[in-house]
Amino acid sequence: MTDHLHLSGVSHGYGDRELLHAVDLVIHHGEHVAIVGENGAGKSTLLRLMAGVEAPDDGTAGLSGNPGYRVGYLAQTHGLAESLTVGDAIDSSLASLRSLEARIQDLEAGLADADEEDLELYGSLQTEYQLREGYAAEPRVEAALDKLGLGGLDRRRTLGSLSGGEQERVALACLLADPAEALLLDEPTNHLDANGTAWLESRLAAHKGTVVVVSHDRVLLRKVATTIIEVDADRRSVNRYGNGYEGYLREKAAERARWIQQYDEWLDAMAAERLQAATVADGMGYGRKRDNDKMAFGFKTGTWQRAATSKVRNAQERLRRLEENPVDRPPVPLTLAVPTGAVAVAASEPALEVHGVSVAGRLQPSDLRVEAGQKVLITGPNGAGKSTLLSVLTGNLRPDAGSVTVNGKVGYLQQELEVPLRPGLRLLPAFAAGLGGNIDEHAEGLLRLGLFRPSEFHVPVGGLSAGQQRRLALARLLLGGYDTMIVDEPTNHLAPVLVEQLEAALASFAGTLVIVSHDRALGEWFDHCAEAGARGAAGMWVRYGMQDGELL
């Protein structure tokens, strides 16, 4: 088929910030593509341009080929009116299919007197209806709602009466009720539990048309995408990688190695030409030993100096050309340094302990003891009570009953970050606030973490993307010198490569660690650490589950 999504010479941005510059991209029918990159690089923008939701500042974007080719788009926020009922939303998603069904029924009523043209139209409509599996549309909606944790949902309820996560899942079910030939989805797993995510993966992997998904979910990337498109924030460009997510990781490593080699060779060439020019210049006038033939010496010296001057000029010319054609310095990779060591809690004392803690309607009576140096992972579906438990542990929520004991200094990374109190404050002073010491020391510490580049230090925190704000909070946690770090959904808003680096950093943390996450890849990492006997002690890595407010 010739149907494809394309961007041709596209440049686009917001205000004075250009995200994409002269981008060319083609996604052919049937390709399963994942879009990755740093937060704020322009992944969602790229998807909106392909979906036709936004028009580019320059260039063209959209669909080429069959005008009947359908594109289904799911944004991170659905955009449906909250006054709509669930039934209204479903009916709207099936309107095209039901219109097709009505046309078929109208033609069937007159088949006895139909001419050749009507018969041909009837046949083509029947074929389209069968290809779209129109007869299974209603069961498909019910199955989608059930798999997404909304089974039995009253269709008379308004979207405004549902939680934000429930609204997003309804929108996803509607998109898959009559799936378009091309599905464009922006972070579709954000509000799904493990079962819902696994079901979505199988649906997308089996889709015979085009799939383009923006996602940080590494398991989904591995299972669904055969092609990875990376949005390069530094160069405002996009790069295509084949062989799936693992192929992308391998090629990125090889690409960076080549870039570093080219940069080093360029630096070496610059240094060599400077040395050549300096060495020859230093030798001018001293290059030959004086002899008794004064006339010959003067002539030969002049000849040597002219040759030396020519060598200097040649070296300077080669140096000029190298300077005019520089190899860009490879950007500092967003890596994490090993977190600062924690002050040991007495071996006889637990780092955290709760007895009979409960919160009405959110957390059933629970007991939990976390030993000093222990690593704990708590998993469970959305709404299971995981974040409520962490809020109790950190003192951000007072329980209705029970007691909480905390030993040592505790740092907490919340799932939902607070709106900055001073949005005009620059990133570096915001990072340093309350940490003591001088600003230069904090700048050096932040650079060692590798979460930000120096050029970002002066960006107002109110202008940071969600991912950048998440990295800022993470940096303050990692450099806070905490005995215990409590982290709620640490992979939210972080690029997949950075998440893998975060896992390595957390594994080396000397203190106590409590993580709440529904990230399946992070769960696999945690289990691997437990199986490997990390830290050399049994019971140092412990996994708990939560369901309906109960700690299992």
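Start with α5 and α6. Ala137, Arg140, Val141, Ala144 and Leu145 of α5 meet Ala173, Leu176 and Ala177 of α6. Contact here means heavy atoms within 4.5 Å. Helices (DSSP runs of H or I, at least four residues) and strands (runs of E, at least two) are numbered from the N terminus.

The model is predicted, so local features need pLDDT of at least 70 and side-chain atom pairs count only at pLDDT 80 or more, while totals for chains, interfaces and linings use all residues. Residues are numbered from 1 along each chain as its sequence is written, and side-chain values use heavy atoms, with hydrogens and water left out.

**Stop 1: the α5–α6 crossing**

Show α5 as residues 137–147 and α6 as residues 164–177. Their axes come within 9 Å and cross at roughly 150 degrees. Axes are lines fitted to C-alpha atoms, for helices over the stretch in contact, and angles run from 0 to 180 degrees between N-to-C directions. The two helices are therefore roughly antiparallel. The cut-offs: under 35 degrees is roughly parallel, over 145 roughly antiparallel, 65 to 115 roughly perpendicular, and the rest oblique. The crossing of α5 past α6 is right-handed.

**Stop 2: Ile90**

Now select Ile90, in helix α2 (residues 86–93). Is Ile90 buried or exposed? Ile90 is buried, at 2% relative accessible area. Buried means under 20% relative accessible area, exposed over 50%, and partly exposed in between (1.4 Å probe, protein chains only). Leaving out residues up to four places away in sequence, Ile90 touches Val141, Leu145, Arg155 and Cys174. Val141 and Leu145 are also among the α5 residues that meet α6.

**Stop 3**

Display the open sheet with the order β5-β6-β7-β3-β8-β9; its pairing is mixed. Two strands pair if DSSP finds at least two bridges between them. The edges are β5 (71–74) and β9 (237–241); each has a single partner strand, so one side of each is left without a neighbour in the sheet. From one strand to the next, the twist averages 15 degrees. Helix α6 returns here: it packs on the sheet, touching β5 and β6 (182–186), and its direction makes about 170 degrees with that of β5.

β8 (residues 227–232) and β9 run antiparallel and are joined by 5 bridges. Which residue of β9 stands opposite Glu230? That residue is Asn239.

**Stop 4: two positive phi values**

Follow the chain through the loop between β8 and β9 to Arg236. Arg236 is not a glycine, yet its phi is positive, about 55 degrees. Arg236 is partly exposed, at 32% relative accessible area. Next, pick Asn243 in the loop between β9 and α9 (244–283). Asn243 also has a positive phi, about 65 degrees, without being a glycine. Asn243 counts as exposed, at 66% relative accessibility. Most residues other than glycine have a negative phi.

**Stop 5: helix α7**

Select residues 194–206, the 13 residues of α7. From first C-alpha to last, α7 reaches 18 Å, close to the 18 Å expected at 1.5 Å a residue. The expected span is 1.5 Å times one less than the number of residues. Colour the buried residues: Gly196, Thr197, Trp199, Leu200, Glu201 and Leu204.

**Stop 6: the sheet of 3 strands**

Show the open antiparallel sheet in the order β11-β10-β13. β11 (363–371) and β13 (401–406) are the edges, each with a single partner strand, so one side of each has no neighbour in the sheet. Here the twist averages 10 degrees from one strand to the next. β10 (residues 350–359) pairs with β13 over 5 bridges. Glu353 has Thr405 in β13 as its bridge partner.

**Stop 7: α15 and α16**

Select helix α15 (residues 496–507) and helix α16 (residues 520–531). Their axes come within 11 Å and cross at roughly 30 degrees. α15 and α16 are therefore roughly parallel. α15 passes α16 in a right-handed crossing. Glu503, Leu506 and Ala507 of α15 make the contact with Ala521, Leu522, Trp525 and Cys529 of α16.

**Last stop: the whole protein**

Zoom out. The protein has 16 helices and 18 strands. Of its 552 residues, 45% are buried. Among contacts with a separation of 6 or more, 71% are between residues 24 or more positions apart.

Terms used:
A crossing is left-handed if the near helix is turned anticlockwise from the far one by less than a right angle, and right-handed if clockwise.
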